[in-house]
Number of protein chains: 2
Amino acid sequence: MVAPHVGDKVGLEAKSEGVSERYFLIGEAAERTGLTQRTIRYYEELGLLSPPSRTQGDFRLFSEGDLDRLKEIGRLKHLLGFSLAEIRKIVEGEEVLGQLRSEYRATGDTARRLALLDNATKLTDSQLELIEAKVSQMEELRTELVARRLRYAEKRKELEQALVTAPNQTETTT
Amino acid sequence: MVAPHVGDKVGLEAKSEGVSERYFLIGEAAERTGLTQRTIRYYEELGLLSPPSRTQGDFRLFSEGDLDRLKEIGRLKHLLGFSLAEIRKIVEGEEVLGQLRSEYRATGDTARRLALLDNATKLTDSQLELIEAKVSQMEELRTELVARRLRYAEKRKELEQALVTAPNQTETTT
DNA sequence: TCTAATCTTGACGTAAACGTCAGAGTTAGA
DNA sequence: TCTAACTCTGACGTTTACGTCAAGATTAGA
């Protein structure tokens, strides 16, 4: 409950321009992502996360980008039910995208840029396909449930009507 | 490859009215559901499946309803990423629904019927909520990807425009 | 009746995805 | 400088969700 002695705001200026970026130790990273420290280390070990920077004492320093990545992995896993193997594929895709981006910025050749852009587009499309397949299957299941609910609602109306028309259906023998 | 000696069409007439229902041994059940025999037995062991009927020699006989159930479990698991524990909850819900249905048919009391209907509706609603939560989160992710794709498309237009305006951007030194 | 294909119930093995120590080092405030 | 809070890397344990093998019983056709 007591505030950690290791400052939560790790004083590191990453950008040379003086744009200070916040870094987080693994404890706060865990809190902010909803994952455990063990899980975060495990994900790094699996290569789902590019190894974060370190202090000179070898403490991991997570950037906000790292946290975003971790949160995304969490969503892919718990929400969408992807296995870590599948997630690695997706994440590797992201990595390739990043590389494409830097090469993109590096080249002045417009034609080359176009080609890189096409690559990135294809990659994103394939990721999109993955998601859409799941979404549509889920919609299917949802539709079934909605239909069931509708049947109940109709039945309910019928019954309410019956109650008004013949309030004492149980005692018809009277 | 050779046709099994144990007939694939198990000759059992379930309904007394002569409406013959097909039953399947576990081998064909596995083929038809895409699950393995081991998995099917495991699901039964976990109580995800009401124990199927048996031959007098204790071979499992799966009805088409059983197969549907198994397929649903497969979808819930692999598509939506539910754990078997979660699936059990959902499936237990289905079971309760079934019981409600029979009690529903048994009673002539309209008020009682209304109450049962309300119960069933609530159950379905909670299942629906589960699904919808997942769907909406997936939509969110999808939206992100679509946005990215859009950015690429725009960038692409720009670049194509540039190619027309100044075709040899690389060789500006000429 | 014999037999090949199929089924049965254990029982043990395994991969994935972490949980949980242990022992040692690091950090920053008092 | 001392110390509480935090982190590090192994290393082993655990749960889930099955795979796999064994030994024996069942089934239906020849």
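Analyst: Quick ground rule before the pairs: two strands pair if DSSP finds at least two bridges between them. Helices (H or I, at least four residues) and strands (E, at least two) are DSSP runs, numbered from the N terminus. Also, this is a predicted model, where local features need pLDDT of at least 70 and side-chain atom pairs count only at pLDDT 80 or more, while totals for chains, interfaces and linings use all residues. Residues are numbered from 1 along each chain as its sequence is written, and chains are lettered from A and ligands numbered from 1 in the order in which they are written.

Now the sheet. In chain A, three strands make an open sheet, ordered β1-β3-β2, with antiparallel pairing. The edges are taken by β1 (23-24) and β2 (53-54) of chain A; each has a single partner strand, so one side of each has no neighbour in the sheet.

Start with β1(A). Two bridges join it to β3 (residues 60-63) of chain A in the antiparallel sense. A:Tyr23 has A:Ser63 as its bridge partner in β3(A), and A:Phe24 sits opposite A:Phe62 in that strand. Helix α3 (residues 64-79) of chain A packs on the sheet and touches both β1 and β3 of chain A. Here, contact means that C-beta atoms, placed from the backbone, lie within 7 Å. The direction of α3(A) makes about 80° with that of β3(A); axes are lines fitted to C-alpha atoms, for helices over the stretch in contact, and angles run from 0 to 180 degrees between N-to-C directions.

What about the two faces of β3(A)? A:Arg60 and A:Phe62 are on the covered one, A:Leu61 and A:Ser63 on the uncovered one.

On to β2(A), which also pairs with β3(A) in the antiparallel sense over two bridges. There, A:Arg54 has A:Arg60 as its bridge partner in β3(A). The two strands form a hairpin with five residues between them.

A:Asp58, in the loop between β2 and β3 of chain A, has a positive phi near 75° and isn't a glycine. Most residues other than glycine have a negative phi. A:Asp58 is also exposed, because 6 other C-beta atoms lie within 10 Å; the scale is buried at 20 or more, exposed at 12 or fewer and partly exposed in between, with C-beta atoms placed from the backbone.

Terms used
Contact = placed C-beta atoms within 7 Å.
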